[in-house]
Amino acid sequence: MPLLDLFWAMLWFFLFFVWIWLLISLFSDIFRSPDLSGWGKAGWTIFIILLPLLGVLVYLIARGSSMQERAIADMAAREKATREYIQDVASSGSAADELTKLAALKERGVLTEEEFAAQKKALLGA
(Lines give C-alpha, C1' and ligand atoms only; values in the text may rest on other atoms or scores of the structure.)
Protein backbone atom coordinates (compact mmCIF):
# COMPACT_ATOMS: atom_id res chain seq x y z
CA MET A 1 0.00 0.00 0.00
CA PRO A 2 2.80 2.54 0.65
CA LEU A 3 3.86 2.27 -3.00
CA LEU A 4 0.36 3.20 -4.14
CA ASP A 5 0.38 6.16 -1.73
CA LEU A 6 3.68 7.28 -3.18
CA PHE A 7 2.25 7.01 -6.69
CA TRP A 8 -0.79 9.11 -5.77
CA ALA A 9 1.37 11.70 -4.03
CA MET A 10 3.60 11.99 -7.09
CA LEU A 11 0.57 12.26 -9.37
CA TRP A 12 -0.99 15.05 -7.32
CA PHE A 13 2.36 16.83 -7.10
CA PHE A 14 2.75 16.64 -10.88
CA LEU A 15 -0.82 17.84 -11.49
CA PHE A 16 -0.27 20.75 -9.11
CA PHE A 17 2.74 21.95 -11.09
CA VAL A 18 0.93 21.43 -14.40
CA TRP A 19 -1.90 23.61 -13.06
CA ILE A 20 0.55 26.32 -11.95
CA TRP A 21 2.31 26.22 -15.34
CA LEU A 22 -1.05 26.47 -17.14
CA LEU A 23 -2.03 29.50 -15.08
CA ILE A 24 1.31 31.20 -15.75
CA SER A 25 0.93 30.51 -19.49
CA LEU A 26 -2.60 31.88 -19.56
CA PHE A 27 -1.80 35.02 -17.59
CA SER A 28 1.23 35.73 -19.77
CA ASP A 29 -0.95 35.26 -22.86
CA ILE A 30 -3.62 37.56 -21.46
CA PHE A 31 -1.16 40.36 -20.77
CA ARG A 32 0.74 39.81 -24.05
CA SER A 33 -2.42 40.10 -26.19
CA PRO A 34 -2.46 43.34 -28.14
CA ASP A 35 -6.08 42.75 -29.20
CA LEU A 36 -7.46 42.86 -25.63
CA SER A 37 -8.22 46.17 -23.97
CA GLY A 38 -7.35 46.85 -20.37
CA TRP A 39 -10.90 45.98 -19.34
CA GLY A 40 -10.73 42.74 -21.29
CA LYS A 41 -7.49 41.77 -19.60
CA ALA A 42 -8.93 42.64 -16.20
CA GLY A 43 -12.10 40.68 -16.94
CA TRP A 44 -10.26 37.54 -18.00
CA THR A 45 -7.94 37.80 -15.00
CA ILE A 46 -10.81 38.15 -12.53
CA PHE A 47 -12.73 35.33 -14.23
CA ILE A 48 -9.76 32.97 -13.99
CA ILE A 49 -9.05 33.92 -10.36
CA LEU A 50 -12.67 33.66 -9.14
CA LEU A 51 -13.63 30.50 -11.10
CA PRO A 52 -10.29 28.85 -11.89
CA LEU A 53 -11.33 25.64 -13.65
CA LEU A 54 -14.21 27.17 -15.57
CA GLY A 55 -12.19 30.31 -16.36
CA VAL A 56 -9.26 28.31 -17.74
CA LEU A 57 -11.51 26.09 -19.85
CA VAL A 58 -13.50 29.02 -21.25
CA TYR A 59 -10.30 30.94 -22.03
CA LEU A 60 -8.77 27.96 -23.80
CA ILE A 61 -11.93 27.43 -25.84
CA ALA A 62 -12.42 31.12 -26.68
CA ARG A 63 -8.84 32.25 -27.28
CA GLY A 64 -6.74 29.09 -27.32
CA SER A 65 -6.37 28.93 -31.09
CA SER A 66 -4.54 32.26 -31.24
CA MET A 67 -2.29 31.65 -28.22
CA GLN A 68 0.38 30.03 -30.36
CA GLU A 69 0.29 32.88 -32.88
CA ARG A 70 0.89 35.42 -30.12
CA ALA A 71 3.69 33.30 -28.66
CA ILE A 72 5.37 32.99 -32.06
CA ALA A 73 5.05 36.74 -32.69
CA ASP A 74 6.56 37.45 -29.27
CA MET A 75 9.48 35.08 -29.91
CA ALA A 76 10.08 36.63 -33.34
CA ALA A 77 10.17 40.12 -31.83
CA ARG A 78 12.62 38.97 -29.16
CA GLU A 79 14.84 37.30 -31.76
CA LYS A 80 14.80 40.43 -33.93
CA ALA A 81 15.75 42.60 -30.96
CA THR A 82 18.55 40.20 -30.03
CA ARG A 83 19.92 40.16 -33.59
CA GLU A 84 19.82 43.95 -33.80
CA TYR A 85 21.63 44.23 -30.48
CA ILE A 86 24.30 41.74 -31.53
CA GLN A 87 24.83 43.50 -34.87
CA ASP A 88 25.02 46.86 -33.12
CA VAL A 89 27.60 45.61 -30.63
CA ALA A 90 29.59 43.70 -33.25
CA SER A 91 29.84 46.67 -35.58
CA SER A 92 30.65 49.21 -32.91
CA GLY A 93 34.21 49.71 -34.21
CA SER A 94 35.04 53.18 -35.44
CA ALA A 95 35.51 54.04 -39.10
CA ALA A 96 39.21 54.58 -38.48
CA ASP A 97 39.59 51.04 -37.15
CA GLU A 98 37.76 49.65 -40.15
CA LEU A 99 39.93 51.68 -42.54
CA THR A 100 43.05 50.37 -40.80
CA LYS A 101 41.83 46.80 -41.25
CA LEU A 102 41.03 47.43 -44.92
CA ALA A 103 44.47 48.97 -45.49
CA ALA A 104 46.12 45.95 -43.87
CA LEU A 105 44.14 43.61 -46.12
CA LYS A 106 45.15 45.64 -49.17
CA GLU A 107 48.83 45.58 -48.15
CA ARG A 108 48.72 41.79 -47.74
CA GLY A 109 47.22 41.47 -51.21
CA VAL A 110 43.86 40.16 -50.05
CA LEU A 111 42.05 43.16 -51.52
CA THR A 112 42.72 44.77 -54.86
CA GLU A 113 42.87 48.55 -55.24
CA GLU A 114 39.33 48.58 -56.70
CA GLU A 115 37.92 46.44 -53.87
CA PHE A 116 39.67 48.63 -51.30
CA ALA A 117 38.25 51.79 -52.88
CA ALA A 118 34.75 50.30 -53.00
CA GLN A 119 34.89 49.19 -49.35
CA LYS A 120 36.33 52.54 -48.30
CA LYS A 121 33.56 54.36 -50.15
CA ALA A 122 30.89 52.14 -48.54
CA LEU A 123 32.44 52.61 -45.10
CA LEU A 124 32.65 56.37 -45.36
CA GLY A 125 29.21 56.62 -46.93
CA ALA A 126 30.46 58.76 -49.77
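## Salt bridges and surface of an all-helical model

The side chains of K101 and E98 form a salt bridge, with nitrogen and oxygen 3.9 Å apart. K101 and E98 lie three residues apart in helix α5 (residues 95–107), so about one helical turn separates them. E98 is partly exposed, because its relative accessibility is 30% and that class runs between 20% and 50%. The structure described here is a predicted model.

**Overall build**

The protein has six helices and zero strands. Read from the N terminus, its elements follow the order α-α-α-α-α-α. The radius of gyration of the protein is 28 Å, whereas a compact globule of 126 residues would have one near 14 Å. The C-alpha trace spans about 80 × 45 × 20 Å along the principal axes. Of the 126 residues, 17% count as buried. Taking contacts between residues at least 6 apart in sequence, 44% join residues at least 24 apart.

**Salt bridges**

The whole structure contains seven salt bridges.

| Pair | Distance, N to O |
|---|---|
| K101 and E98 | 3.9 Å |
| D74 and R32 | 3.5 Å |
| R63 and D35 | 3.3 Å |

The salt bridge of D74 and R32 has its nitrogen and oxygen 3.5 Å apart. This pair links distant parts of the chain, with D74 in helix α4 (residues 67–90) and R32 in helix α1 (residues 2–32), 42 residues apart. R32 is partly exposed, at a relative accessible area of 29%. R32 and D74 also belong to a network of salt bridges that includes R78.

In the salt bridge between R63 and D35, the closest N and O atoms are 3.3 Å apart. R63 sits in helix α3 (residues 52–63) and D35 in the loop between α1 and α2 (38–50), so this pair ties together parts that are 28 residues apart in sequence. Are the two partners buried or exposed? R63 is buried, with a relative accessible area of 11%. D35, in contrast, is exposed, with a relative accessible area of 53%. The assignment follows from the cut-offs: buried means under 20%, and exposed means over 50%.

R70 is located in helix α4. R70 counts as buried because its relative accessibility is 9%, under the 20% limit. Which residues does R70 contact, apart from its neighbours within four places in sequence? They are D29, R32, S33, P34, D35, Y59 and R63. This list includes R32, the salt-bridge partner of D74. R63 and D35, which form a salt bridge with each other, are also among the contacts of R70.

**Surface**

The protein exposes about 9,800 Å², and carbon and sulfur atoms supply 70% of that area. A nonpolar patch on the surface is formed by L4, F7, W8, W12, F14, L15 and V18. Together these residues have about 750 Å² of accessible area. F7, one of the patch residues, is placed in helix α1. Helix α1 (residues 2–32) also holds R32, the partner that D74 in helix α4 reaches.

Key
Residues numbered from 1 in each chain as written. Heavy atoms only, no water. Salt bridge = Lys/Arg side-chain N within 4 Å of Asp/Glu carboxyl O. Helix = DSSP H or I, 4+ residues; strand = E, 2+ residues; numbered from the N terminus. Buried < 20%, exposed > 50% of the residue type's maximum accessible area, 1.4 Å probe, protein only. Patch = residues over 30% accessible without salt bridge, like charges linked within 9 Å, V, L, I, M, F, W, Y side chains within 5 Å. Areas by Shrake-Rupley, 256 points an atom, 1.4 Å probe, with all protein chains shown as cover. Rg over C-alpha atoms; globule rule 2.2 N^0.38 Å. Contact = heavy atoms within 4.5 Å.
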